[in-house]
Structure formats: C-alpha cells, structure tokens
6 protein chains.
Amino acid sequence: MKLLVVNGNTTDAITARLAATARGAASPGTEIVAVSAPFGAAVVGTRAEETIAAHAVLEAAARHHAGCAAVVVAISTDAGAAAARELLPIPVVGITEAALLTACALGGGFGFLTFGARAAAWSRELVGRYGLSARMAALEALDAPPAAFADPDGFAEPLLAGVARLVAHGADTVVVAGAAFAGVCKSLQPRAPVPLLDGVTCAVGQAELLVRLGLPKPRAGSYAAVPARPVAGVGAGLGALLKGDT
Amino acid sequence: MKLLVVNGNTTDAITARLAATARGAASPGTEIVAVSAPFGAAVVGTRAEETIAAHAVLEAAARHHAGCAAVVVAISTDAGAAAARELLPIPVVGITEAALLTACALGGGFGFLTFGARAAAWSRELVGRYGLSARMAALEALDAPPAAFADPDGFAEPLLAGVARLVAHGADTVVVAGAAFAGVCKSLQPRAPVPLLDGVTCAVGQAELLVRLGLPKPRAGSYAAVPARPVAGVGAGLGALLKGDT
Amino acid sequence: MKLLVVNGNTTDAITARLAATARGAASPGTEIVAVSAPFGAAVVGTRAEETIAAHAVLEAAARHHAGCAAVVVAISTDAGAAAARELLPIPVVGITEAALLTACALGGGFGFLTFGARAAAWSRELVGRYGLSARMAALEALDAPPAAFADPDGFAEPLLAGVARLVAHGADTVVVAGAAFAGVCKSLQPRAPVPLLDGVTCAVGQAELLVRLGLPKPRAGSYAAVPARPVAGVGAGLGALLKGDT
Amino acid sequence: MKLLVVNGNTTDAITARLAATARGAASPGTEIVAVSAPFGAAVVGTRAEETIAAHAVLEAAARHHAGCAAVVVAISTDAGAAAARELLPIPVVGITEAALLTACALGGGFGFLTFGARAAAWSRELVGRYGLSARMAALEALDAPPAAFADPDGFAEPLLAGVARLVAHGADTVVVAGAAFAGVCKSLQPRAPVPLLDGVTCAVGQAELLVRLGLPKPRAGSYAAVPARPVAGVGAGLGALLKGDT
Amino acid sequence: MKLLVVNGNTTDAITARLAATARGAASPGTEIVAVSAPFGAAVVGTRAEETIAAHAVLEAAARHHAGCAAVVVAISTDAGAAAARELLPIPVVGITEAALLTACALGGGFGFLTFGARAAAWSRELVGRYGLSARMAALEALDAPPAAFADPDGFAEPLLAGVARLVAHGADTVVVAGAAFAGVCKSLQPRAPVPLLDGVTCAVGQAELLVRLGLPKPRAGSYAAVPARPVAGVGAGLGALLKGDT
Amino acid sequence: MKLLVVNGNTTDAITARLAATARGAASPGTEIVAVSAPFGAAVVGTRAEETIAAHAVLEAAARHHAGCAAVVVAISTDAGAAAARELLPIPVVGITEAALLTACALGGGFGFLTFGARAAAWSRELVGRYGLSARMAALEALDAPPAAFADPDGFAEPLLAGVARLVAHGADTVVVAGAAFAGVCKSLQPRAPVPLLDGVTCAVGQAELLVRLGLPKPRAGSYAAVPARPVAGVGAGLGALLKGDT
C-alpha cells in the first residue's frame, strides 16, 4: 500500500525527515509518499499559522491522495486531519492523535512532552478535543532552543529529564510531540523507563491497520462523504475534489 | 467605534444580512463594516469547508481590521476566531461563543438549536471546546430545508416547537445557531417562554463591552502577540500582517 | 440607565469603594446606586456569613431595585445572585461570574487569584458551580494580611508575583477575586503580562450589555418569575415583593 | 444521643411529619428534636425562598443545637447544611446528600425522583455540587399536584411508574427527593424493583454513624471552626454563636 | 448482628489486625467474623495479585456469609466488592469506598494518603471508578518501607507530614488507604488538623447502617440477584452459591 | 508472529468461533492460538462471573503466553486484560478496548451496541474506566434472546435497527460488543451507514501493531514488571510465573 504523509509545514527538510521516520516505521510493502504544505509557515508556531496549515494540509491531501491507501497528517497539532477525514474516501490519521491512542492501548496514564510554553496550551486543548484529558497524567513543555531542533541528539539529556519528571507524576507512557525528536527518542528508548511514543511511527502503524480493516467510508454521521459543491478561490486539489472531478 | 464583521461564507447576500443584524444590535456610535470571506464555500456546510473558512476569516480580518476596534467572526462554527484573537491586536468575538457566554450570564442551562444532523456533531464539539458542555441542557438539530433559509418567517412554527422541546428538557435560554434566523427569532421572542439568543446580536454587544474594558493585548500565554515571521503563499492581508508590515 | 450595586458586606466603606469602582467602569449615562447588606457580617469570611449575606443581598435587591435596569451583586462569592436573578424582573449579575465569563470571552484558560486559604475552597466550588472548571488553568490563594486590604497599593508586588505564577501555570488571563484590589489592579495592569479582570468592572459592563439586549424575563425554566406568595419573618423588601405588592 | 432535625420550611405540620419519620429511622436510644425554620416560606419552592431558608436553618441550628450530638437539615435542597457544618462543633447532615451517598454505597447508578419541573434544575445543580453527576443514571421530575402532598398514599401509582422509568434508564437505586413521600415509599418498597431511598431516614442513620465515629471538628480546611466575630441584624441563635457566647 | 470481614490478602496476621480494628469500631451487639483470602498473595501489591484477590474475596464471601448481616471487604483496592454486592443477598461494603463516602459526608474535598508509587495509579483509578474524582483535593503516595508496616507507630511523623501536605493542597479530610495504619491514625488524630478516615472503621459503621436501613436486594438493575447457574472449577463457596445450593 | 487469544468463557465452541474470527482478521504470517478460560462460567453474564473470569484469563495467559508475541483477551468486559498487561512481558489487548480505540481513530462519537439490560451498566462503567465517556454518542442494549446467539444471521434486522438508532443519536461508528455477532456484522456492513467495529478483529490488528512497534516492557509506572513473589493456591500458570520460573 501507498501512504501519503502530509507535512503541515512548508519546509522540505522537515518533510524529508518525516518521510525517513515514516519509512522506518512502515511494514514491508508499504510505500511512503511525503509532501510539504503547499503554503503557510516554514515551521508552524502560532494559532494563526496552524489555521493556515489546516487549509494547506487539506489542499495537499486533496491534490496527492489519488492512488494512496491512507493519509498521515504530520504536524503536532493534527491541523486539518479531521476535515481531511471527512473529505477523503480513505483513512486519515493525525500523528498526535495516533500517539495518544497508542498510549491508551498500552494502558494507564500518558505523559505529554511538548516544546515551548505556547505549545502547552495547544496540547491541552488538543487532548481535550479528543476527549482524552482524563488519561493524561501530566504535561511538560520543555524549553527547546532552536539548537535542540538542529541537533536533536544534543538535546537527549533534557528529554530524558523531562520523561523522568512525567513518570514521577504518574505517566505510564510518554507521548513526544511533533516529529523533530523521533530519531533521538528511538535511540533514547533503552534509557527511558516507560515507552516513548513518536507520532509519525504510531500514525504509520495505525494507518496501515485502518487500511487492513477495510471499513467503508461512512454514509451517515459527521464524517460522511459530502455531495460535491464548488468553492471559490481554493487550490487545484480542493477545487477539483470539491467539484467532484476526482 | 468601528466593528469589523467577517462572514465566514463567501455569499455577499448573507454578509448584507449579517451587517443589518449587527447594525440593529449596535450601540449608537458603533459603526459596522462587514466583509465576506475572500475565498471558500458559498455557505459552509462541511468540516472541509469550515477549515477553508477559518483561513479565509483570518485573511479577511488581517486585511480589513485596521481602524477597527474589534472583530466579530460571523459563522456558526466560529471558524478562525481563536486564531484571529491571537493574531490581531484588538478583541475578536465569535458569534456562537458570544451567544453561549451570554446564555451563561443569564443563568441555568442553555438549549442549543441548530439546523441539520451534521451540524449537531459540530455544535457539540464546539460547546465542548469552550468547556461549556456541563451548561448545555439539550441540543436539537432541526431539519431546515433550503426554503426555511430563504423564508425564515415561514419557518417560525418549527422554530417555536424546537424551543419548546428544549425548554421541556431543562433549557433556561435557547441559543439559535448561525445568523439565518436572527430576524425571525426577534419577532418570535414574545411567543417564546425563555430568552432566544442570536449570536450576531450577542457578539456585537460583547465586542463593544471588550472594547470599553480596554484590556491590553496579552504579552504572555497562548494568545500573546507573536513575533512577525513570513509565511508563503497566503493572501495580501496575512502576508502583510505576518511580515510585520502593519 | 440606573444600576443597583448591592454589597454583600455591611461595611459602608466597602460599599463606597465598590460604588467608585462601578462608576469608573460605567458607560456615560449609567447611574450607580450602591447599598450595603442590611444585615450580616462586616466583611464576609465564612460559609455561615456567606449564607446570611445571600439573604441580605436578596432583601437589599428587593428593597432597592425599583427604577433600576439591573443589579450587580458585589461580593466575591456571588452570594444571593442566582436567587435574585430568579426573583427580580431585571437582569442580575454577580461580580465573580461576570469576571469568569469575561475571561472566557478573552480565550484560553484563566487564572484565579484569591486571598486566604479558606477562600481557595469556596472559589473552586464557585467555579465548579458555573461549570467552568475546565477553563481554570490555575488558582492561587495569596496570604493577604489585613494591612493589604487597608493599603492595597502596598500589596502590589505580591499581587504581581501571584499573577506571574498563574501565567507560568498556563493562565491567559487572571481573575482577581473580590473588589478590594480593583484599583491597584488597574494601576498594575501595564506591568502584568495578561489581562487582569476585576469583577465589579466586568459586572457593570455585563449588566449594561444585558440591559441593552432587552431580553424578556423567562416565563419557563428555573429562572422564571414565580407567583407571589407570602413568607414570614423577612424584611420589608422581600416581604413586599413576595406578597406581590411591588 | 439527641439529634436536632431542622425543617427548612416554616410549616409545623411538615416538621411533625419529619420528626415522625426521623423517629421511625432512629436507633434505640436516639432522641429526635425537631424544629421549624424560624422564618421564611411555608413550603420552599423557589430559589429565593431557598436562600431565605438557608439562613433560617442556620439560625435554628445555632439556637437549638446545644446538647445535641448532630443536626439533620431536612429540606430537599439541603439549604444551609454546608454552612451549618462549618459553623457548628457537631456533625451536620443534609437529607438529600445523605440519600445520594447511601445510594452510592449501594453501588451503581442512582435515579433521582423529584417533583415539579422547577425542582429538576435545582436537583441537577445539587447533585453536581456534590460531585456526583457521574453516578446519576437518570432524573425524573414528576408532576405532583397539591393533592399528592396532602394524600401521599393516593400518589402511589405515579411514584411507582416514575421508579420504573428510572430503572429502565439504568437506575440501580432511586432517591426520592424531599420528605413528603417518605411514608408511602416505605409502604411501596415491596412493589419497587430497586431500593427506594428517603432522605430523612438516610440522614438519621448517617448522623448516628458520624457521631459514633467521633471525629474531631477540623482545625484546618474550609470547614474548620472559625474565630467568633460579631454580625449585625441576625437572630438570637446566630448572634450568640458568632459572638462566641455559646 | 454479625459482620463478615474478608481480608483480600492471605496473611492471617493482617486478618487478625483487621478484626481488631473492626471490633473497635463496631457498635455494641455487633459481632465480627474475619477470614483471610483462601488463595492469592500474602500481601496484594500488583494488578495481577489484585485480580486473584477479587476472586478469592468472592469465594470467601460465598463460603462464610451465611448467618451474617453484611460483608466488609477489607483490602485497599476493594477487590471483589462490587461482584460480591451483586452476588450476595446482604449488603457488601468496601473499605476504601466507605472511607471515601464518609469523607464526602463530612464535606469539602478529601485528601488520599496511600503508600508506594504503584498504589497511586490504582487509587486514582479507584476514585474515578466511584465517580468521585471531583471530590479529591489531592493524592499523596508516601514511600513506606516494610519497616513502616511492621512498626506503624514509628511511621507516625511521615504520616503527619503527608497529612499536612494534603491539607495544604485543600484537603478537608484525609482518607488513609488500607488498614495497616488504622491504629496509629487513631492515636495521631489529635495531632492532625482534619479528620483522618480509616477504611475499616468507616466500613463497619456503614455496614451497620445499611443493615439497619433494611433495604431489599434489588430485583432489577445491574446489582440484581441473578439466577443460579453452574460455573466450573471454582471453590466450594462459589460453587454452592452459584448452583443455588445456599 | 503468534498471538494468544484467551476466551474469558469456558465454552470451547465460543473459543473456536473467536479463533476463526481472529484468523480472518490476522495478517499473513500471524498465527492464532486460542484457549478457553480454564475455569468459570460457560458464558459470563454477571459481575461475579466476570470476576472469576478475570482470574481465569490471567491463569490462561500465564500458562500459554510463552512463545507468543501478544495476547488478545476475548471477552466483552476485557476481564483480566489490565492485570495481564502488567503481568506479562508482551503486549495485551482487550477486545472492547481495541474496538473503542479504533472507533476513536475513525473520528467523532461512537455508538455502543450491547446485549441485555444488565450489560448496559457494565458497558458504561467500562467506557468510563477507559476515560472515553465523552466520546460515546449513545449506548443501546438490545434484547437478544438465546436464539440470537445461536443463529446470529437471524438477528440481522434487530442489529441493523439498533445501528440506525445509534446513528440517529449521533454515532459516527458503532462498536458491537462481544464476539458473538462478529460474523453477521461483517456481512451486514454494506447495509450499515457507518463502520461496524468488531472487537476481535480490532484487537488482532492492534496486537499486531503493538508487536511491530517493539516498545519495551515498562520499568516504571503502574504497568511495570513486578518482582516475582509467591502466591498461594493459584493454578500452574500463575504459580510458575509469579514464582519467577518462566
């Protein structure tokens, strides 16, 4: 099967890293196609940029999903994932949602490790939106300087210290937000006392699972397919899809 | 003061009706400027269209807010309102949020009257996002045919019946979603046993109130002003604002 | 319009300060009439005193509301506000409820700054009663000695430090309980990184807004007007009102 | 031991019936002293009357608790019970709270049977205030005409039908609000498929239990004894107690 | 009346201590019969051991309840209590549930003092299962070495320090998990600022109360008596009871 | 990989059907080993039988897990799944938990279709225990006679009607409890307007996913491996495992 990974940021270097992580997580026979957001912020860091990203994700998903079995929305806020899920005939998985549900499947309470004070608020809102607040043991927003993102391996010790604090607050697992630290988390796992969950890895696995389940697109409810009707001023992908051309 | 009313739909006829309702609600001395979404659906009716609308609302708010004291986001899902609140230096009010908070100020539980089965799910999600689920006595999604929107007065009896059912389920007030039925609700109020809350009217009042309170733009927290940084491929309004040109 | 401000305490000096704050917050053309609780504690500080105050607020509101457009109940516990709302034909606003709803309108989570360990419990209960616990980012009970109330300006630094701790715990706004620190909060606002919300100011604005909305007294639900019937041993205000003499 | 039963209504006939129910529930050696509210409504039926009743309950409890081991507050809203608990050196039990906690002790979800649409809202609020909403399977407000209260036995069939509907909605027990139907519920119990809980009976048992536990009056927290300080314009009981004369 | 106390652990020394505490709490005329779990762990300390204990409690309760008026399940996780409540014709009370409900009856928020980090998670889950999370002010898991259980009096200071921290976090009462520290808590009560609640003591009182209430075994709902049907490979007690032989 | 499917019931015919469903759901290369509960009820239908089943599941898992990559606990109450997850070094998945998390991954609210009034209460409790109550749109307990279990295909119409009612109450997906109707649900899927989720199918997929993720057994938190210590009177599987012999 072919999975489309849509980066909510416009930075191709991030897209390449997402693709590499996704390929590392995919089953044999799963092909990964990764695209950047066609417009918006280089790295989404505000509510406004997230709103733009949601639209960009939708456009990218509309434009590139043909021939794919499922879509992974790869941005820590899951921007546009719910709308894409409604819009497309194939499963759509957000990376944070996938990590949270995997944490639930492992049992107990999860810790949430995010980066920057601003992200703490979004993360709480997102967990609340998924109805999973009662499962969150603790949230910690690490102060990650740009250098940390450029050299994730050099950020290993602060990450481990954050994990330890979350465990001390009752976390049975730790969801590490975003995709920047996927690689280092993998190498740190042996030193961490609980499972570390990287969203891209969880999302690829969950997307493959949903594809294998072969469930139909709903014909009722709030995720049902919608009759095509034109919208103005949108990109080629959405334009075609909403007109019913695809 | 001047209030900017942003219609999340692209239909100018709706914008004109919103402007008329807003003008009817405004205090003497308040001027209403109303604009349509610069791109997106004629009438937003799906999650995908709502995602596009959020971006469009942001673009319109960025483009037209100069000289205004506050912004009213006029679409029943409050699409883009939180992001605009973060982005802009002036208060931003969503019509449904304003109606819900006004209902809370009146005491007890509110009923929520919306239109179409699909909107029921969104509405519950929106109320949950505002942390107000415990205040909702009941929700009812009326089956409103296109004719109802074209001739709201002809839809008076179904509206009153819906209100009555919500009251029977414990509603002390009734929030009527969207703006289509603002006028008829006003004329039906004498026949309704509890206050009927129209979002546009509530939002105009709340926007005026927030302006008068004169609170500063936060410098911390998740709604703080953000440093300008460029984004790619967005409209003139967002482009200028995010570049720090305004 | 004329607004009746009812102090839940019997101390006239507090009433005078409340009136001054209310006048500072009122729109041009709004007249403020302020009265002290006719019986009860000098300064309410226990659950028992609060219970007496609720009755006293009701009596004062019944006695003095004639000719007024709305009532502001000015005590941090909103004692008697819900009952007065049911009883009177005009809008009734509690100062803490008004500040909480204004905080919600500004978006995100609010911090709650109260005074004394005992008040922490009441405040959590009150926020819970309004169904807003999910919106509270953090609560802090400052240890405010009597000197702080006598010289609020001298208490500025502890207040700012409390605000800073609340912001560090995710507060996007800070509700400052009671009315004692309304003035100093106003002067401290430029040094605070998020909006500081004073209940009296918020309540006056919300009362004006509700008056302008012109909604009818409910005829159904739990705040509906009730048929007059006599009660024994109550004050002249309640006696007359409940007998249907007014 | 001697238990003080305080009727929140001023009607002596109700007080006599409460006393009879309490005596029927008391252990051998427990003496029941019952008093009516010293002021307020004949039968509390509105939020305003409930607010007055809370004060009246407090006054009665202050005046009559000397020599008693515990107090039972006998009104379906538990008016004044929390304040009396703080104020007095002995345990205080509300009848609805006692029935709810007994229902919890029996396991599963409880049904709540109350009387009149207005009481439905109060009851939900009360259950919420006790943090027990998640345990309530269903609530039903029976339309009980005055005749039902005058002749409770004649109201047996509607009561049983209400119980049946609550059980169909998942109730494992049924709390019957107030004290009016205590007697008939006892005689109906054999025909009811789940335990029927009468507040007065539960409260007498719980008061006896708390007395036997012999726990000390808290010296910290929000129910700690408070230093005596004068209040103005209150009755002889509260006046003496708050001045520290007792 | 005769109460059966079932220890969920297999250690007879603990059973003896439980019996002593129960006898100290019982009313005159109440006889205590205490039995150890017939199989399982010496001292339950894991989820697996708790699962075994639940079955063992059920077997012991089935085997020994004849002639008893009620059963007290004496293990901090209340293992098997809900199932025994369904199975038996007499009231069944868990010690932690009883302590939590007694804390609720005393008003305000409770603190929960447990022992060992692992128990913190179980305790939160248990409180959540009873729907009482909103009443829990704080939870603290003390690090109690084996020596503490062997010499509870020597652990007095850490216990008092834990109580003080819970009170500082808003606890109006403190539930002390398990039965190991029942004795020392009693002797420490004078030095503690809030009531300390020992589960065995609370459960004996509550069991006596439920017996006195004389409520019938439910014939409907999820705790109704169930038709006897054979199970394979269980102990003599369950075998006989489920076959309908008792 | 080899998956162990543990039936919580002792009926081998059910085990065979579970194995068949699991084999139908498994990926190529996944081998299914299915065992019946070694003791307990033929078909679990009460809380007591469920408690016995939890122990039996644990014993079976301990006895048979060697050489397996993960365990699926196949009983609608997920009896023993959490304890087995703590106990074993490999992933453990409950069928209802897996179906609920899959429903969450599909977005929106799920409907829950269960069988028999008694099961409704358990199901609500189970969903609450997983912290997912906010995601449940509606629950329906169909009255399924024994004939329905014997001839699931003949029960197709009632199942579809139940699904339709859940969808009308806002369900975006429907979890069908237990395993009895897995086959018929599959054949009914084309006639159902939303995805029907069978727990065994979901659990097999999720178990495979967890195995592929290769996460380590936690060394901290409430699911950490526990030091071996003897228990008395348990089966050969648990005895050996808890003694550290495996």
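1. To begin with the terms, two strands pair if DSSP finds at least two bridges between them, and helices (H or I, at least four residues) and strands (E, at least two) are DSSP runs numbered from the N terminus. This is a predicted model, in which local features need pLDDT of at least 70 and side-chain atom pairs count only at pLDDT 80 or more, while totals for chains, interfaces and linings use all residues. Residues are numbered from 1 along each chain as its sequence is written, chains are lettered from A in the order in which they are written, and side-chain values use heavy atoms, leaving out hydrogens and water.

2. Have a look at chain F, where 4 strands make an open sheet in the order β2-β1-β4-β5 with parallel pairing. Because β2 (31-35) and β5 (92-94) of chain F each have a single partner strand, they stand at the edges, and one side of each is left without a neighbour in the sheet.

3. The pairing of β4 (residues 70-74) of chain F with β5(F) is parallel and runs over 3 bridges. Here Val73(F) sits opposite Gly94(F) of β5(F).

4. Now to the partner chain: the contact (heavy atoms within 4.5 Å) takes 43 residues from chain F and 43 residues from chain A.

5. For salt bridges (a side-chain nitrogen of Lys or Arg within 4 Å of a carboxyl oxygen of Asp or Glu), the rule finds 2 across the interface of chain F and chain A. Arg212(A) forms a salt bridge with Glu208(F), with the closest N and O atoms 4.0 Å apart. On the side of chain F that touches chain A, α9(F) gives the largest share, 8 residues.
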